[in-house]
Amino acid sequence: MKRKSKHNKSTYIKFRCTQYEKKLLRIKAKRAGLSISAYCRMAVMEDRIVERLTEEQLEAYKVLVQYHNNFKRIRNMFRKRNPKLADEVLQLAQEIKTHLYNFKK
């Protein structure tokens, strides 16, 4: 999430770091879809920096959404016939939903 600043960004700051730290900054900035300078600015201002999901993570998220929806449907089918089974299926659907929320963090 890029913020537009009203301030002119014409002041330069240099700081020393190891090659490892520089590489780590580059990787983390890329994962968040930011430049290194934007990443550092956001970090110092304690803004929330969100990494973009990889293709594999996005696929896993989609699969979990589908499982959650399927288990909710199964629960609805068994709600009257077997309430105990319906409750267990609902609990499983809620656990999946918890994992879906973890994707957003």
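## Asn-76 and the model

Asn-76 has its place in helix 3. With a relative accessibility of 41%, Asn-76 counts as partly exposed; buried means under 20% relative accessible area, exposed over 50%, and partly exposed in between, with a 1.4 Å probe and protein chains only. Asn-76 and Ile-13 lie 63 residues apart in sequence, and their C-alpha atoms are 59 Å apart in space.

This is a predicted model, in which local features need pLDDT of at least 70, side-chain atom pairs count only at pLDDT 80 or more, and totals for chains, interfaces and linings use all residues. Residues are numbered from 1 along each chain as its sequence is written, and side-chain values use heavy atoms, with hydrogens and water left out.

## Overall form

The chain holds four helices and zero strands. Read from the N terminus, the order of its elements is α-α-α-α. The chain is more spread out than a compact globule, because its radius of gyration is 22 Å, well over the 13 Å that the globule rule gives for 105 residues. Helices (H or I, at least four residues) and strands (E, at least two) are DSSP runs, numbered from the N terminus. The radius of gyration is taken over C-alpha atoms, and the globule rule is 2.2 Å times the number of residues to the power 0.38.

The C-alpha trace spans about 70 × 30 × 20 Å along the principal axes of the chain. Among contacts between residues at least 6 apart in sequence, 42% join residues at least 24 apart; a contact means heavy atoms within 4.5 Å.

## Surface and charge

Of the 105 residues in the chain, 13% count as buried. The accessible surface of the chain is about 9600 Å², and 55% of this surface belongs to carbon and sulfur atoms. Accessible areas come from the Shrake-Rupley method with a 1.4 Å probe; for residues, only the protein chains shown count as cover.

The chain has 27 positive and 10 negative charges, and their mean positions are 7 Å apart. Lys and Arg count as positive and Asp and Glu as negative, while His and the chain ends are not counted. Each charge is placed at NZ of Lys, CZ of Arg, CG of Asp or CD of Glu.

## The largest nonpolar core

Seven residues make up the largest nonpolar core: Leu-25, Ala-29, Ala-32, Leu-34, Ala-38, Tyr-39 and Met-42. Helix 1 (19-31) and helix 2 (36-44) are the elements that give two or more residues to this core. Helix 2 supplies the largest share, three residues. A nonpolar core is a set of buried Ala, Val, Leu, Ile, Met, Phe, Trp, Tyr and Cys residues joined through side-chain atoms within 4.5 Å.

Leu-25, one of the core residues, lies in helix 1. Not counting residues up to four places away in sequence, Leu-25 touches Phe-15, Ile-36, Tyr-39 and Cys-40.

His-68 is part of helix 3 (residues 55-78). His-68 is buried, at a relative accessible area of 10%. Leaving aside residues up to four places away in sequence, His-68 touches Ala-93, Ile-96, Lys-97 and Leu-100.

Val-63 also belongs to helix 3, and at 38% relative accessibility Val-63 counts as partly exposed. The C-alpha atoms of Val-63 and Pro-83, 20 residues apart along the chain, are 26 Å apart. Asn-102 is found in helix 4 (residues 83-104) and counts as partly exposed at 41% relative accessibility. Asn-102 and Tyr-67 are 35 residues apart along the chain, and 16 Å separates their C-alpha atoms.
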